[in-house]
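The sequence and structure are shown first.

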Amino acid sequence: KTDLSTALKEIRAQLECQSDHNMLQAEEWFKCRYAKLTEAAEQNKEAIRSAKEEIAEYRRQLQSKSIELESVRGTKESLERQLSDIEERHNNDLSTYQDTIHQLENELRGTKWEMARHLREYQDLLNVKMALDIEIAAYR
């Protein structure tokens, strides 16, 4: 019994010693692994913070460009309305000018016809005057 008790005590002591040793090894491995993970987490934390800042900057730029785009669209619509109004006025003015041209051409034709009539009357009167001048000269 004493040998068995002593052997058990020795085995227990050896197991406790080995258990303590394994525990220390596991603790060291855990501390080393924890330190590596902590360091990696810090690096990733910095990278995440940098990425978040970059995302925030891109969001600000996107918002700025969206506002600028809306402003440009408003300006474009305004300019298109102005262009449409100007084209409409131009077409109205063009139509008015063409009507005026036709009216003036008609007046010009009428005036030419009237001038030709006056010219014929003048020619007739000139012929009568010449005939009268010849008669007067003949009577003298």
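A residue is called buried under 20% relative accessible area, exposed over 50% and partly exposed in between (1.4 Å probe, protein chains only). By this criterion, 0% of the 140 residues of the protein count as buried. The model is predicted: local features need pLDDT of at least 70 and side-chain atom pairs count only at pLDDT 80 or more, while totals for chains, interfaces and linings use all residues. Residues are numbered from 1 along each chain as its sequence is written, and side-chain values use heavy atoms, leaving out hydrogens and water.

The protein has one helix and zero strands (DSSP runs: H or I of at least four residues for helices, E of at least two for strands, numbered from the N terminus). Along its principal axes, the C-alpha trace spans about 195 × 25 × 15 Å.

A search of the whole structure finds nine salt bridges, each being a side-chain nitrogen of Lys or Arg within 4 Å of a carboxyl oxygen of Asp or Glu. Three of these are tabulated below.

| Pair | N to O distance |
|---|---|
| Arginine 49 and glutamate 46 | 2.3 Å |
| Arginine 73 and glutamate 70 | 3.1 Å |
| Lysine 76 and glutamate 80 | 3.4 Å |

Arginine 49 and glutamate 46 lie three residues apart in helix α1, about one turn. Arginine 49 is partly exposed, at 40% relative accessible area, and glutamate 46 is also partly exposed, at 41%. Lysine 76 and glutamate 80 lie four residues apart in helix α1, again about one turn. Salt bridges with shared partners join Glu46, Arg49 and Glu53 into one network.
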